[in-house]
Amino acid sequence: METHFLRIGGEDTIRRLVDRFYDLMDEDPDYYCIRKMHARDLTEARNKLFMFLSGWTGGPQLYMEKFGHPRLRQRHMPFAIGESERDQWMACMQRAMDEVGVDEKLREELTAAFWKTADFMRNREE
Ligand code: HEM
């Protein structure tokens with residue numbers, strides 16, 4: 001079975017996906033709540049998410065090579081993440097996947113995988 005990395009179109013598509021994701025987060029007030037948790041300059045966030053997703057989809061482990069184990073849940077602890085933040089992150093990512101033209105079947109699989117990771121980031125009681 002081909003990896004998600006190959007099926008999505010490798011680094012080029014992942015880069016486009018991450019760029020679209022952060023452009024949307026930056027432009028659309030629907031995502032203001034999670035946008036304001038991020039630094040004003042999104043360059044580092046873009047690079048890190050790109051490197052992380054490369055490995056997460058089964059491609060080169062760029063993030064691990066540079067920064068070590070991601071310990072994502074721990075790294076998100078400084079931000080209060082509940083259901084609404086998780087849902088905003090997911091909505092933004094789903095729109096980005098749609099706009100970048102990720103194939104529908106793959107989009108469904110990635111949505112399910114993203115959802116598990118996003119839900120795992122929750123760190124505040126509702
Ligand atoms: C559930 C809702 C989420 C929120 C609100 C959120 C928010 C954030 C914020 C505020 C940062 C710091 C960015 C900065 O330094 O300016 C960050 C970093 C990051 N996030 Fe998320 N995130 C969420 C879910 C996810 C998910 C699902 C993934 C992966 C699939 C992810 C991957 C990352 C990575 C790789 C970083 C960089 C970590 C580092 O500092 O090395 N995040 N996130």
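Colleague: Which elements do the buried residues of α2 pack against?

Modeller: Please keep in mind that this is a predicted model. The helix α2 has 18 residues and reaches 26 Å from its first C-alpha to its last, close to the 26 Å expected at 1.5 Å a residue. Its buried residues are I14, L17, V18, F21, Y22 and M25, and because they cover an arc of only 120° around the axis, they lie on the same side of α2. The elements that these buried residues pack against are α1, α3, α4 and α7.

Colleague: Which residues are exposed on the other side of α2?

Modeller: An α-helix has 3.6 residues a turn, so residues three or four places apart point the same way. In α2 the buried residues, including I14, L17, V18 and F21, share one side of the helix. On the other side of α2, the exposed residues are D12 and E27.

Colleague: Which element gives the most residues to the largest nonpolar core?

Modeller: This core has 21 residues, and those with the most contacts inside it are V18, F21 and C92. Two or more of the core's residues come from each of α2, α4 and α7. With 6 residues, the element that gives the most to the core is α2.

Colleague: With which residues is V18 in contact, leaving aside its neighbours within four places in sequence?

Modeller: V18 is one of the buried residues of α2, and it is also among the residues with the most contacts inside the largest nonpolar core. Once its neighbours within four places in sequence are left aside, V18 is in contact with R46, L49, F50 and L53.

Colleague: Does L42 count as buried, partly exposed or exposed, and why?

Modeller: L42 lies in the loop between α3 and α4, and, leaving aside neighbours within four places in sequence, it is in contact with Y22 and D26. A buried residue needs 20 or more other C-beta atoms within 10 Å. Because L42 has 18 such neighbours inside 10 Å, it counts as partly exposed.

Colleague: Which element supplies the largest share of the shell around the ligand?

Modeller: The shell divides into 15 nonpolar, 3 polar and 4 charged residues, and of the 22 residues around the ligand, M37, A39, K48, F52 and W89 come nearest. At least two residues of the shell are supplied by each of α4, α6, α7 and α8. The largest share, 4 residues, comes from α4.

Note on methods
Residues are numbered from 1 along each chain as its sequence is written. This is a predicted model: local features need pLDDT of at least 70, side-chain atom pairs count only at pLDDT 80 or more; totals for chains, interfaces and linings use all residues. A residue is near a molecule or strand if its C-beta atom, placed from the backbone, lies within 6 Å of it. Ala, Val, Leu, Ile, Met, Phe, Trp, Tyr, Cys and Pro count as nonpolar, Asp, Glu, Lys and Arg as charged, and the others, Gly among them, as polar. A nonpolar core is a set of buried Ala, Val, Leu, Ile, Met, Phe, Trp, Tyr and Cys residues joined through C-beta atoms within 7 Å. A residue is buried if 20 or more other C-beta atoms lie within 10 Å of its own, exposed if 12 or fewer, and partly exposed in between; C-beta atoms are placed from the backbone. Two residues are in contact if their C-beta atoms, placed from the backbone, lie within 7 Å. The expected span of a helix is 1.5 Å times one less than its number of residues. The arc is that of the directions from the helix axis to the C-beta atoms.
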